[in-house]
Amino acid sequence: MKLITCENLTLGYEGKAILSGLNFTVNSGDYLCIVGENGSGKSTLMKTLLHLQPPMSGSITMGEGLKINEIGYLPQQTALQRDFPASVEEIVMSGFLGRMGLRPFYNKAEKKEAYELMEKTRIADLAKRCYRELSGGQQQRVLLTRALCATRKILLLDEPVSGLDPVATADMYQIINELNKEDKVTIIMISHDISEVAIYASHVLHIGQKVFFGTKEEYLNSKIGKRLVDAGEEEKA
């Protein structure tokens, strides 16, 4: 079932196009990784999918009754966000605000759901801790849980492991994979780590001077995919 269909998108800002002729679909249960060179328009695409900015042309169609407030978003963290003086519980619960309407307080069902999600993302024991005192990996899991409180349908993740150490990175990827495989949460993730893309993704969208959209297997067997894999292996050597 199609959740998002993008047809002939042209993306840009301040009247300048940076990407055009973009076509792809996201089905329920997909794990789509968006890859490409720096400055190719990955973050601009994500902001456009979130309706934070309009496309210069083309269309984005939401399927299955998906509403914009049913898309969970985990942006790249800023230094100011890392120093936010609130408890883990408070930050996680704030993910419900978009679906509460005018109701001023969280209900019992929301509190129960928040703790179940904190268990799933391995932060239940941190609930009363101050967010600013946590490690980078713990903070990212808090923000991921907050995004899950906003929706259990689809998550948009903008380089969610950026700046994390190898252990925290592995933990984050594992949790995201479990959400996709076990909870059937659709994932759209910007990533520069082609080795992890090769493990977890179901589909790949490569944007830049050349655009590719297809399954992970098709991508890894394409010229553009092989070139990126080779470059990643050289970088690690």
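Predicted model: local features only at pLDDT ≥ 70, side-chain atom pairs only at ≥ 80, totals over all residues.

Trainee: In what order do the 3 strands of the open antiparallel sheet stand?
Mentor: Helices (H or I, at least four residues) and strands (E, at least two) are DSSP runs, numbered from the N terminus, and two strands pair if DSSP finds at least two bridges between them. Strand S1 (residues 2-13) and S2 pair in the antiparallel sense over 8 bridges, with Lys-2 opposite Asn-27 in S2. Strand S2 (16-27) and S4 each have a single partner strand, so one side of each is left without a neighbour in the sheet. The order is therefore S2-S1-S4.

Trainee: Which strands does H1 touch as it packs on this sheet, and what angle does its direction make with that of S1?
Mentor: Contact means heavy atoms within 4.5 Å. Axes are lines fitted to C-alpha atoms, for helices over the stretch in contact, and angles run from 0 to 180 degrees between N-to-C directions. On these terms H1 touches S1, S2 and S4, and its direction makes with that of S1 an angle of about 125°.

Trainee: Which strands stand at the edges of the sheet of 6 strands?
Mentor: This open sheet has mixed pairing and the order S5-S6-S7-S3-S8-S9. Within it, S3 and S7 pair in the parallel sense over 4 bridges, and Leu-32 stands opposite Ile-188 in S7. Neighbouring strands are turned by 15° against each other on average, direction ignored. One side of each edge strand is left without a neighbour in the sheet, because each has a single partner strand; the edges are strand S5 (71-74) and strand S9 (212-215).

Trainee: Which residues have the most contacts inside the largest nonpolar core?
Mentor: A nonpolar core is a set of buried Ala, Val, Leu, Ile, Met, Phe, Trp, Tyr and Cys residues joined through side-chain atoms within 4.5 Å; buried means under 20% relative accessible area, exposed over 50%, and partly exposed in between (1.4 Å probe, protein chains only). Elements that each supply at least two residues of this core include strand S3 (31-36), helix H4 (108-120) and strand S6 (154-158). Leu-144 touches, among others, Leu-74, Leu-155 and Met-172, not counting residues up to four places away in sequence. The core has 45 residues, and those with the most contacts inside it are Leu-144 and Leu-155.

Trainee: How many residues has the second, separate core?
Mentor: Its members include Cys-6, Leu-22, Val-26 and Leu-66. The number of residues in this second core is 24.

Trainee: How many of the 15 residues of H5 are buried?
Mentor: H5 lies across S5 and S6, running at about 165° to S5. Its buried residues include Gly-137, Arg-141, Leu-144 and Cys-149. H5 is largely enclosed by the rest of the structure, because the number of its buried residues is 11.

Trainee: Is the pair of Tyr-173 and Tyr-200 stacked or tilted?
Mentor: Rings of Phe, Tyr and Trp (its six-membered ring) pair if their centres lie within 6.5 Å; planes under 30 degrees apart count as stacked, over 60 as edge-to-face and the rest as tilted. Tyr-173 in helix H6 and Tyr-200 in helix H7 are 27 residues apart, and both are buried. Their ring centres lie 5.8 Å apart with the planes at 25°, so the pair is stacked.

Trainee: How are the rings of Phe-212 and Tyr-219 arranged?
Mentor: Phe-212 is buried at 16% relative accessibility, and Tyr-219 is buried at 0%. The ring centres are 5.3 Å apart and the planes stand at 55°, so the pair is tilted.

Trainee: Is Lys-184 buried or exposed?
Mentor: Lys-184 lies in the loop between helix H6 (166-181) and strand S7 (186-190). Its phi is near 60°, a positive value in a residue other than glycine. With a relative accessible area of 57%, Lys-184 is exposed.

Trainee: What is the phi of His-51?
Mentor: His-51 is found in the loop between helix H1 (42-49) and strand S4 (57-62), and at 49% relative accessibility it counts as partly exposed. Although His-51 is not a glycine, its phi is positive, at about 65°.

Conventions. Residues numbered from 1 in each chain as written. Heavy atoms only, no water.
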